[in-house]
Amino acid sequence: MERMKAICVLLAALSAPCAWSAEQFLVYIGTYTRQKSKGIYVYRFDAGSGKLDPIGLAAETANPSFLAMHPSRKFLYAVGEMYGPQKGGAVSAFRIDAGTGQLTLLNSVSTRGAGPCHLMVDKTGKCLVAVNYGSGSVASFPVKEDGSLGEASGFVQHAGSSVDPKRQQGPHAHSVNVSPDNRFAVVADLGLDQVLVYRLDPAKAMIEANDPPFVKVNPGAGPRHFTFHPGGKFAYVINEIKSTVTAFSWEAARGAFKEIETVSTLPQDFTGVNHTAEVQAHPSGRFLYGSNRGHNSIAVFAIDTRKGTLTPVERVPTQGKTPRNFGIDPTGSWLIAAHQDSDSLVVFRIDKKTGKLTPTGQQLEVGAPVCVKFLPLK
């Protein structure tokens with residue numbers, strides 16, 4: 001009898017899903033390939049303990065400043081942020097080996113512009129959209145069944161300027177995000193002070209201007225990165241030049257934004273030079289995080305989930321220089337900050353009740369990191 005019980009317990013354990021699998025991740029780091037970096041680096045991350053362990057160089061490639069995952073988790077895509085007529089930008093497709101973390105190049109295609117700096121794959125996995133900061137344009141690409149990319153099938157060149165004579169003499173498309181219902185691609189253009197909305201056709205890998213085509217932010221604000229609230233009713237753009245965050249309501253049926261408020265990411269007594277970079281909502285929808293480069297901090301806000309408004313919680317030093325990007329792990333327990341100018345990654349614990357950040361003491365060296373992406377292992 002006892003033997004039968006033991007066998008039953010063993011069979012139940014073997015048939016149950018592995019508890020650790022939901023907490024194990026690969027973390028890919030996009031970089032600028034300078035003296036200390038050769039491309040995309042990969043780490044193992046345990047969300048149970050918050051421990052981040054280096055694996056090494058996953059793929060050697062030039063200036064993979066931003067990364068995106070395919071929804072199948074089998075492929076990774078990276079922009080090649082190059083400038084100049086002889087160094088046009090590109091986007092590259094890689095196959096992921098989940099066992100080793102290594103990346104195998106599938107192919108690279110032109111982004112039809114200079115300085116590609118951000119990209120996103122739609123939820124069906126059939127279309128990739130990338131933006132060119134240098135030339136201020138947007139391109140869409142078909143994703144093939146093997147994960148490789150076709151040549152650009154859609155392209156839009158932005159035009160215009162705004163009030164800052166140094167930063168806004170022309171368009172500078174800086175990020176692209178796909179709407180929760182996968183019907184729209186939203187592009188923040190720093191040079192135009194606009195958040196533009198495109199209708200997205202994943203099957204044809206095409207984009208076209210929506211009606212209304214954009215929403216404006218305050219003149220000279222310089223919208224950079226953008227995030228939808230997990231609830232789908234609100235969205236937030238971080239404005240690089242003015243160091244602010246603008247909250248919007250989102251009308252999904254029409255693809256239309258309406259401004260709710262704009263708040264500063266900085267303390268009132270700060271007088272130095274600062275440019276914001278990344279903005280992300282916590283998976284719970286209760287908090288928003290934005291990075292300050294110059295003040296070298298992450299601003300934490302509480303989100304009113306009924307109104308979408310923001311209340312400052314704290315501004316936490318990131319223990320590095322120029323936190324260009326950060327990543328929140330899918331469990332909502334940890335934040336990894338990437339410091340471009342101090343060549344470091346710093347791990348923080350997230351208090352899920354307050355949203356506050358506490359450094360864990362982990363600091364890892366990697367050359368000029370500018371993007372953090374988590375890949376669940378399960």
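User: What makes you say that strand β26 and β27 pair, and in which sense?

Analyst: Quick background: this is a predicted model, where local features need pLDDT of at least 70, side-chain atom pairs count only at pLDDT 80 or more, and totals for chains, interfaces and linings use all residues. Residues are numbered from 1 along each chain as its sequence is written, and side-chain values use heavy atoms, with hydrogens and water left out. Now, two strands pair if DSSP finds at least two bridges between them. Strand β26 (residues 344–350) and β27 have six bridges, in the antiparallel sense, so they count as paired. Within that pairing, Arg 349 stands opposite Thr 358 in β27.

User: And what makes something a strand here?

Analyst: Strands are DSSP runs of E, at least two residues, numbered from the N terminus.

User: Why is Val 300 called buried?

Analyst: Buried means under 20% relative accessible area, exposed over 50%, partly exposed in between (1.4 Å probe, protein chains only). Val 300 comes out at 1%, so it is buried. This residue is found in strand β22.

User: What is Val 300 in contact with, leaving aside its neighbours within four places in sequence?

Analyst: Contact means heavy atoms within 4.5 Å. On that basis Val 300 touches Leu 288, Tyr 289, Thr 311, Pro 312, Val 313, Glu 314, Gly 355 and Leu 357.

User: How many residues in the lining of the largest pocket are nonpolar, polar and charged?

Analyst: Ala, Val, Leu, Ile, Met, Phe, Trp, Tyr, Cys and Pro count as nonpolar, Asp, Glu, Lys and Arg as charged, and the others, Gly among them, as polar. That sorting gives 23 nonpolar, 11 polar and six charged residues in the lining of the largest pocket.

User: Which strand gives the most to the lining of the largest pocket?

Analyst: That would be β28, with five residues.

Note on methods:
Helix = DSSP H or I, 4+ residues; strand = E, 2+ residues; numbered from the N terminus.
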